Amino acid sequence: MEEPAIPMDFEGPGESFGTLYYRSLLQGRGILYVDQQLTAGEETKTWVQAYASDVSLFHKDFGTTMMKLSNLGVLTAPMGQIRKDCRKVS
């Protein structure tokens, strides 16, 4: 029996990128159990509700987070490594 497809974050071109995920959580339709747990805690549920209803807030925080991630300094060859199996160190 094939399971029904679950739409991800693609909502077409436009400014609503990202909010479908949070709206799905509020409807009890998280893709993974751990995702759905974001609605279980009072503080995290507040963020889920905020991101589901305010695309500008999501865009601002997403952009800020991506900038922080870009400053982490990803290691590349020869210092870095690409893992085919993330459970094992190469």
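Modeller: Ala50 lies in helix α3. Helices (H or I, at least four residues) and strands (E, at least two) are DSSP runs, numbered from the N terminus. The model is predicted, so local features need pLDDT of at least 70 and side-chain atom pairs count only at pLDDT 80 or more, while totals for chains, interfaces and linings use all residues. Residues are numbered from 1 along each chain as its sequence is written, and side-chain values use heavy atoms, with hydrogens and water left out.

Biologist: Why does Ala50 count as partly exposed?

Modeller: Buried means under 20% relative accessible area, exposed over 50%, and partly exposed in between (1.4 Å probe, protein chains only). Ala50 has 22% relative accessibility and therefore counts as partly exposed.

Biologist: How many helices and strands does the protein chain have?

Modeller: The protein chain has four helices and zero strands, and its elements run α-α-α-α from the N terminus on. Of its 90 residues, 16% count as buried.

Biologist: How is a pair of packed helices described?

Modeller: Two packed helices are described by the angle between their axes and the distance between the axes. Axes are lines fitted to C-alpha atoms, for helices over the stretch in contact, and angles run from 0 to 180 degrees between N-to-C directions. The axes of α3 and α4 cross at roughly 110° and come within 5 Å. That angle makes α3 roughly perpendicular to α4, because angles under 35 degrees count as roughly parallel, over 145 as roughly antiparallel, 65 to 115 as roughly perpendicular and the rest as oblique.

Biologist: Which residues of α3 and α4 meet?

Modeller: Contact means heavy atoms within 4.5 Å. Trp47, Ala50, Tyr51 and Ser53 in α3 meet Val55, Leu57, Phe58 and Asp61 in α4. These residues divide into six nonpolar, one polar and one charged; Ala, Val, Leu, Ile, Met, Phe, Trp, Tyr, Cys and Pro count as nonpolar, Asp, Glu, Lys and Arg as charged, and the others, Gly among them, as polar.

Biologist: Is Asp61 buried or exposed?

Modeller: Asp61, in helix α4 (residues 55-70), counts as buried because its relative accessibility is 16%. Asp61 touches Trp47 and Tyr51, not counting residues up to four places away in sequence.

Biologist: At what angle do α1 and α3 pack?

Modeller: Helix α1 (residues 19-26) and helix α3 (residues 42-53) pack at an angle of about 130°, with their axes 8 Å apart. That makes α1 oblique to α3. From α1, Thr19, Tyr22, Arg23, Leu25 and Leu26 make the contact, and from α3, Lys45, Val48, Gln49, Tyr51 and Ala52. The residues of this contact divide into six nonpolar, two polar and two charged.

Biologist: Which residues of α1 are buried, and what do they pack against?

Modeller: The buried residues of α1 are Thr19, Leu20, Tyr22, Ser24 and Leu25, and they pack against α2 (33-36), α3 and α4. Thr19 counts as buried because its relative accessibility is 2%. Thr19 and Tyr51 are 32 residues apart in sequence, yet their C-alpha atoms lie 6.2 Å apart in space. Just after α1, Gly28 takes a positive phi of about 75°.
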